[in-house]
Every structure is written in C-alpha cells, then in structure tokens.
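The following exercises concern the structure shown below. Each task is followed by a solution in steps.

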Amino acid sequence: MRILVVAGSWPWPARQGDRVRLDAWIRLLAGRHQVTLAVPGGGGEPPYQLAVVGLPSVVPAWSGLIRRPHWPLTAARYDSSAIQTRVAELMGEVDGALFYQLRTVGWLGQIEPERVLVDLTDALSLYYRRRA
C-alpha cells in the first residue's frame, strides 16, 4: 500500500514525545508499506527508507487566527490553502493517509474521509489540560 504521512514538523531527531510518537508511526508503516512523508519546508535525511515531500511554509500565527478565530492557535497557525492544495495533489498518488495531530486537520480539504486516519493525541491533551 502507498501511504502518505502528513505532519506539521520534521520528526527527527526523535527526542521528545510528539516526535517519538510520529517516528514510531512512520517506522511501523514503512516496514510494511511504501511511505511518503509530507512536512512543511521538507527536512533533512530520514533515518530509514521513505520518500519525503516538502510542503509550502506555514502562515504566521496572527494570519491564521484572523482567518480562523474559532480554531485553537496550534491549528489556525497551520491553516494554509497552498498546503491544502499540495496535500490534495499528493493524495491522488496514494491509497491512504495519516494526518498527524490537530494542526494538520486544516489540510484535509475535500479529501475522502474513508482514505484518511487522523491522530488527534494533541487535541485530547489540550482538552484535558483545559478541563483541569
């Protein structure tokens, strides 16, 4: 299977929680499938075999909040029609996709939901932090 992993930032070196989790997702998928990682600005050389595609840069935080005032800052900052368009193009080349964290949800656009898995671990953390 051809899988697109869409992330808001480069996952390596995997030294902190979010990066460790994303690295584990990618390593597991790359061991069984053909994986393409799409991240804003690209990145360096991945530690194992997978294709990397650079996405356009994210917008300044204030710009995202103007367009999406009801969104959390972490998601509004990543709201970008240029990235959404590029991700839609990449979806035409794969069988399914993993969108990693809440910030990438704005890039879903008109993609068929049955081809997408969204990891919302950071949204749950935000929810529990706000309830405390």
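Contact here means heavy atoms within 4.5 Å. The model is predicted: local features need pLDDT of at least 70, side-chain atom pairs count only at pLDDT 80 or more, and totals for chains, interfaces and linings use all residues. Residues are numbered from 1 along each chain as its sequence is written, and side-chain values use heavy atoms, with hydrogens and water left out.

**Exercise 1.** Determine whether T36 is buried or exposed, and which residues T36 touches.

*Solution.* Strands (E, at least two residues) and helices (H or I, at least four) are DSSP runs, numbered from the N terminus. T36 belongs to strand β2, residues 34-40. Buried means under 20% relative accessible area, exposed over 50%, and partly exposed in between (1.4 Å probe, protein chains only). T36 has 15% relative accessibility and therefore counts as buried. Not counting residues up to four places away in sequence, its contacts are I3, L4, V5, A51 and V53.

**Exercise 2.** Identify the buried residues of α1 and what covers them.

*Solution.* The buried residues of α1 are L22, D23, I26 and L29. They cover an arc of only 135 degrees around the axis, so they lie on the same side of α1. This arc is that of the directions from the helix axis to the C-beta atoms. Their cover includes β1 (2-6), β2 and β4 (96-100).

**Exercise 3.** State which residues M91 contacts.

*Solution.* With neighbours within four places in sequence left aside, M91 is in contact with L4, A97, I111, R115 and V116.
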